[in-house]
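Here's a quick walk through the packing of this model. Have a look at the fold before reading on.

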Amino acid sequence: MSSTENKIKVDSLEWFYREAAPIGRTDLLPVLFLHGIVSQSYSWRHILPALANQGTRAIAPDWIGYGFSATPEKRYFAYTPEAFITALAAFVKTLELERFSLVVQGFLGSVGLQYALRHPEQIANLAILNTPISTAAKLPWKIKQMGLPLAGEMMTQDPLLVDRTLEGGSRYRIADKDLDVYRKPFLKSSAPGRALLATIRNLQLEPAMTEITSGFKEWQQPILIQWGMIDPWLSVDTAQEFANSVPNAELIKLNNVGHYPQEHYHETILEDLLPFVRRAESS
């Protein structure tokens with residue numbers, strides 16, 4: 001089966017999300033997937049149905065400002081980690097997700113990790129794919145330049161920046177039919193470009209990394225780290241360091257895989273992710 005496309009109004013913001021309903025058993029905890037910068041929930045298109053096939057409900061929203069979710073002006077939504085965390089909490093509450101597995105990826109995945117630290121009672125276990133998780137992590141120049149004065153305003157209005165970033169990060173070509181989906185919001189309106197610009201300027205990576213590296217030292221739930229080894233922006237050394245510093249974490253290194261592992265290597269990811277999230281409601 002494939003996933004369904006849904007929209008839901010939460011407070012004043014409309015969220016777009018993809019969902020794959022479980023086939024068969026329904027006592028497994030749901031899984032929430034969060035995408036990274038310039039990406040959208042479409043990046044999980046091969047992962048969601050595989051979870052549904054094992055009886056797991058799988059949900060992947062487009063962050064506010066991304067994909068097909070609302071793209072409010074920054075005077076209405078600040079595009080800071082705090083704004084994203086607050087919006088995500090409201091989304092989770094509206095969908096009545098009380099306890100779930102969380103999967104994060106990329107330079108918005110760090111916001112998902114901050115969310116987990118603030119709502120540990122909701123998180124059954126956590127999977128991290130190529131996400132900044134170290135105080136050594138820096139915004140790569142390819143993304144940082146999109147936030148520069150004047151140049152950033154122009155760059156973020158160019159739909160081809162989506163192609164260049166996704167292919168540059170993953171190190172592989174992406175099929176035109178898939179790039180069409182990623183590009184579509186940028187072709188329809190200038191608002192996604194402004195949202196991207198605001199996100200990059202307000203990511204506050206340094207304090208976020210401090211919160212993540214210190215907070216997870218006390219974390220008790222299982223953590224699966226799946227890391228693309230040829231990520232041009234985030235070194236596997238940071239993943240190893242993180243895995244060594246937190247209890248109950250396993251690092252799996254993915255050879256020949258870049259920054260967006262789910263884009264080309266979903267089958268490899270699923271080998272470990274499927275059993276990892278197979279947690280019953282009662283456990």
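Buried here means under 20% relative accessible area, exposed is over 50%, and partly exposed sits in between (1.4 Å probe, protein chains only). This is a predicted model: local features need pLDDT of at least 70, side-chain atom pairs count only at pLDDT 80 or more, and totals for chains, interfaces and linings use all residues. Residues are numbered from 1 along each chain as its sequence is written, and side-chain values use heavy atoms, with hydrogens and water left out.

On to the rings. Rings of Phe, Tyr and Trp (its six-membered ring) pair if their centres lie within 6.5 Å; planes under 30 degrees apart are stacked, over 60 edge-to-face, the rest tilted. The whole structure holds 13 aromatic pairs, including these:

| Pair | Centre to centre | Plane angle | Type |
|---|---|---|---|
| F77 and F84 | 5.4 Å | 70° | edge-to-face |
| F216 and W219 | 5.0 Å | 55° | tilted |

F77 and F84 are both buried, and so are F216 and W219. Ring pairs also link W63, F77, Y79 and F84 into a cluster.

Q54 counts as buried because its relative accessibility is 13%. Its side chain makes a polar contact with the side chain of R278 at 2.8 Å, where such a contact is a pair of N or O atoms within 3.5 Å; within protein, one must be able to donate a hydrogen and the other to accept it, and residues adjacent in sequence count only if both atoms are side-chain atoms.
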